[in-house]
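Subject: Structure handover

Hello,

Here is the structure I said I would pass on. My notes on it follow below.

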Amino acid sequence: MSSRLPDTPHSLSPDTLADRLEVTPAKGLTASEAARRLAVFGPNHLRSLRPRSLVAMLLHQFRSVVVYLLAGAALLAFALGDIPEALAIGVVLLINGAIGFVTEWRAQRSMEALRHIAETRTRVRRDGGGAVIPAQDLVPGDIVLLEAGDMVTADLRLIRAAGLQCDESVLTGESLPVDKDSAAVAADMPLADRTGMAWKGTAVTRGTAEGIVTGTGMATEIGRISQLVQEARPEATPLEARLDRLGHKLVRLMLGLAAITILAGVIRGYPLAEIVQTGVALAVAAVPEGLPVVATLCLARGMWRMARRNAVINRLASVETLGATTLILTDKTGTLTENRMTVTRYVTEDGATEIAGSGPVTAAADSPLSRALQIGALCNSADDGAEQAGDPMELALLAVAKRAGIAPDPGTRVAEHAFDPERRMMAHVHIESPWFLYAVKGAPEAIVSASNHVLTSRGRVSLDAEARARWLARVEAMADEGLRCLALAMKQADRADAPPYDGLTLVALVALADPLRAEVPDAIADCHRAGIRVVMLTGDHAATAARIARDAGIAGDGPKVLEGRALAGFDPVYPDKALASRVAAGDVFARVDPETKLALVAFFQRAGHVVAMTGDGVNDAPALGKADIGIAMGQRGTQVAREAADVVLRDDSFATIVAAVHEGRIIFDNIRKFVVYLMSCNISEVLVVGLAVGIGLPAPLLPLQILFLNLVTDVFPAFALGLGRGSASMADRPPRDPAEPIMGRPEWTRVALLGGAITVATLVAFALALLELHLPTDQAVTVAFLTLALAQLWNVFNARQPGSRLLRDGEIRNPFVWGALALCLLLLAAALWVPGLAAVLSLPTPGLSGLLLALGMSLLPLLAGTLYLSRPAAAGRV
Ligand code: ATP
C-alpha cells in the first residue's frame, strides 16, 4: 500500500476503500503488515508526550537562585584565595544536584509507567480474528469494532453500523448525538454531514459498528483542527502550586531574618568577607531546597502505591483531593457486588421455578418457561464463546438457556434495539417463520407497563390492572431478597420494523443473584470509621438496592431509600425544602438516571461535601466530571467514562476506592510532615546563627557547615517522611477540610516550637562547650554543629500528628526513616573523621566530653517535641 491515504474516504464505498487500503474487512490486516504500516505512518498519537531529556533534567537541577547564590559565594571564596572552601561549595552543589536529578528521573519513570497502565485500548480484527491492542498501534487499513461507550480512537470509514450514534461535540460543537451509517456521501460534504465516518476523539453513545481506519495520529480530523497539538506540559497540581507559594513566602521571611543578622554582624564589626559569606549561608539555610524534590517524589510514589492497589490516577491533582473525600456516591452492580450473575429463579404465570446447581434445566416444550429461556438467549448481545464477552447478566441468561438445551441461532436476527437506559428495555427481532419474533427484556416495571397480555401454558391471556399489581408484588418479593430482577416479554409481528415496545406479552420474571463482594462490608466499615459517608446510586430496583445496602453495611436495618421518580426535576440549587432534607439523609437512590446523578453530586457539593462518585456509562461522564473525584471502572466502564474520570479502578472494586482515599490521606500527611520537618530545621539554622551574632558570641556555625546540613543531611530524613506509609490512627480520623492549608496555625506553632527547641539546645551546647568545657572556639563550633545536626535527625520523630502515640503512630515504624538516619550518621561521621573533609568543613574533633555534650543536648528537642505531641490537649488538628 502506498503511503498516501485517500483524501475523501467518506465519498468512497466501503469496498472501494478496502481495496485502496489493501485490506479484507473480514480478516483485517496481518500482524506483519500492521507492523510495516506502523513504521510508515507512525504511532496513533495526537500529542508528542516526549519526556524531558536527561541532559535537560540535569541542567534543570542547577537553574535556581540558590545555586546561583552559592556559585557566587564559591567565586567569592575563590577570589579571596580560599580554594578549599570554593571547592567544597562546588562539591555540595554537585551532590545536591545529583540527589535532585535521581529523584526527578525516578519520578518521571514512574509517571511513564503509570501512563502506560492507563493507555486506551481498541478492539480490532487482525489475522482473521479479534484482538485488543493499544490505540496508539492502530494503522490505516485496520478494521476497528465499536460499541456503545467506546471512544473512537482513529478516523474510521464505517463498513457496517447498527443503530450507531456518536457524540461529536469535541469536533463540531454539536451536543446532540449524530446518527451514523455506512453509506457514502458527496466528496464536498462538510465534516458534520459525513455520516459514513466516525472521527477520532468522538464517543459512541449507542449501537455497534465496524470501520476501516482511514487516518491515525495527526492525520485525523482532530489532529488537523485541534489545539491539542502543542507539547503537553506536565500539569502542576494545586498542591505543587501551594507548595510553591509557601516556598516563596518562606524565602521572603527567611531572607528578612538573614538581612537582620547581617546588619547585626556589621554593627558588631565582624570582617566583611565573613559577613557576606554568612549572609549567603543564611540565605541557603533559609530556603527549603528539598521541598519541591521531595514533594514530587512523594506524589509519584503515592500514585505508584495507588496503582499497585489498582487505582490508576488520571489527573495528578486528584491525589490530594482524594484524601479529603467526605462522601462516596457508589453504584451497586460490579462495585459493591461481584457482577458475577447467576439465574436463580423464573416466575411465570404457572408459578416459580428455582434454578439450582449447574446441572441440566428442564422445561416442558411450549411452556412459558421454555419461552422465557429462549427469549433470554435471543434478546442478548453477549458472546458465550471462549472469551465470555459481554454483560454478565446476559451471559447468565445464555448459560441457563444452554443448560435447558436451548441455543438459538443468532443468524435469525434481523434487527436489534440496543438497551435504552431511559425506557430500561431492549429488544432483538428474529425470524420465526411465518412471523418476526420480538424478544424483549428489561426492568420489570417497564415491561409490565408495556405489556397487555401475559403468556400462560394455555396461551395468551390479557393483563388487567389487578394482574399487573400481582406481578409487581412478585417483583417486590424477589427484590427484597437482594435478587436482581428482569422481566422477559415477546411479541409476534408480520414486519421487522414495528415499534419494539408496544403491545407486549409478558412471559416471565427472572431473578439473578449477584453476590456482594466479600471485601465490601469491611471497606464500608472503614469508611464510617474514617468519617466518610457512603451512599448508593443505582439503576436497579429500590428493594434490591435496599437489601444490598443493608448487607453491605451502608445503613442499618432500615436504609433510607429514595426512588429516582421522586427526584425528577430535582433542583440542586433551589431544592424543595422537604425533599432536600430527605435527599440529604438518603442512603440509597434507586432507579436513578444520569441527570439525577449529576443533580445529586451538585446537591451534596453545595452541602459542603467533597464528593467521590463512581460511574461506568457514557451518560455518567458529566457527573464524573462534576464530582470532585470521578471514578470509572477499568473493566466494566466504558472508555468515555474512563476518559472523564480522575481515577480508574482496575478491579472495579469499592474497596479499592477506600484504599485510594487512604493513600490520598497518607500523601497529604506526608507532605505536611516533611514541610514541617524541613521548616523547623531551616528556621533553627537561621536562628542559631542570627541569635549568636546578635548576642555577640562567635559564629557557632560556618557557612559550609550549614550548606552541608541543609543540602545533604536534611534531605534524606525528609525523603523518608515523604515515603512513609501513614499511621494506624489515620484511618480513624475524620476527613480534613479541603480548604485547610498545608501550613496552618497548628503547623506554624510546631515549627516555631521545634525550631526554637533545636536553637536553644544548640546555643546552650555551644555556650557550655566554650564556658564549661573550655574548648577552643573551633572545637566548640564542632559541638554546636553536631548538636544541631543530631537534633535535626532526631527531629524526624517529631513529625507525627499531635495527639498520636509515639510507638503506634510514630515514624519509629517507618523503615525509610531508619535508613535515612543510618546514612546521615555515616555522613556526619565522615564529616568529622575523614581528614580532608573535616578540614574543609572546619570540624576538629572536640574530644569525648564535647561529643557527649552534643549528643546529650541534641536529645532535648526530641524530648520537648515528644512531650508536646503526646499531650492529648495538643490534638489541635487531626
Ligand atoms: P447499577 O447502577 O448499580 O450498575 P444497574 O445495572 O441495575 O445498577 P442500569 O444499568 O442503569 O443499572 O440498569 C437499570 C435497569 O435496567 C436494571 O436494573 C435492569 O432492570 C435493566 N437493564 C439493565 N441492563 C439491561 C439489559 N442489557 N437488558 C435489559 N434490561 C436491562
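In what sense, parallel or antiparallel, do strand 9 and strand 22 pair, and over how many bridges? Strand 9 and strand 22 (residues 611–615) run parallel, with 3 bridges between them. Here strands (E, at least two residues) and helices (H or I, at least four) are DSSP runs, numbered from the N terminus. Two strands count as paired if DSSP finds at least two bridges between them.

Before the rest, a note on the source. This is a predicted model, in which local features need pLDDT of at least 70 and side-chain atom pairs count only at pLDDT 80 or more, while totals for chains, interfaces and linings use all residues. Residues are numbered from 1 along each chain as its sequence is written, and side-chain values use heavy atoms, with hydrogens and water left out.

The chain as a whole

The chain has 878 residues, and 53% of them are buried. Buried means under 20% relative accessible area, exposed over 50%, and partly exposed in between (1.4 Å probe, protein chains only). The secondary structure consists of 30 helices and 24 strands. Along the principal axes, the C-alpha atoms fill a box of roughly 115 × 70 × 50 Å. Of the contacts with a separation of 6 or more, 73% are between residues 24 or more positions apart; contact means heavy atoms within 4.5 Å. The accessible surface is about 36,500 Å², and carbon and sulfur atoms hold 59% of that. These areas come from the Shrake-Rupley method with a 1.4 Å probe; for residues, only the protein chains shown count as cover. There are 82 positive and 89 negative charges, and their mean positions lie 3 Å apart. For that count Lys and Arg are positive and Asp and Glu negative, with His and the chain ends not counted, and each charge is placed at NZ of Lys, CZ of Arg, CG of Asp or CD of Glu.

Strand 9 and its partners

Back to strand 9 (327–330). In a regular strand, side chains alternate between the two faces of the sheet. Both faces of strand 9 are covered, with L327 and L329 buried on one side and I328 and T330 buried on the other. Within the pairing to strand 22, I328 has A612 as its bridge partner. Strand 9 is also joined to strand 19 by 4 bridges, again in the parallel sense, and there L329 stands opposite V535.

Helix 16 (residues 520–529) has V520, A523, I524 and C527 as its buried residues. These cover an arc of only 100° around the axis, which puts them on the same side of helix 16; the arc is that of the directions from the helix axis to the C-beta atoms. The buried residues of helix 16 pack against strand 9, strand 19 (533–537), helix 17 (542–552) and helix 22 (654–695). After helix 16 comes G531, with a positive phi near 70°.

Helix 17 has 8 of its 11 residues buried, so it is largely enclosed by the rest of the structure. Those residues are A542, A543, T544, A545, A546, I548, A549 and A552. Among the elements they pack against are helix 15 (465–480), helix 16 and strand 19. G553 follows helix 17 and also has a positive phi, near 90°.

Strand 10

In strand 10 (residues 342–348), 6 of the 7 residues are buried, so the strand is largely enclosed by the rest of the structure. Strand 10 runs antiparallel to strand 18 (residues 504–513), with 5 bridges, and Y346 stands opposite V510. Strand 10 is also antiparallel to strand 11 (residues 351–354), with 4 bridges. A hairpin of 2 residues connects strand 10 to strand 11, and R345 has E354 as its bridge partner.

Backbone points to check

Most residues other than glycine have a negative phi, and most peptide bonds are trans. R424, in the loop between strand 12 (413–420) and strand 13, has a positive phi near 60°. The peptide bond from S433 to P434 is cis, with omega near 0°; P434 lies in the loop between strand 13 (425–432) and strand 14 (435–442).

D652 has a positive phi of about 60° and lies in the loop between strand 24 and helix 22. D652 is buried, with a relative accessible area of 3%. S653 is in the loop between strand 24 (647–649) and helix 22 and is buried at 1%. Leaving aside neighbours within four places in sequence, S653 is in contact with T335, R517 and E519.

Regards
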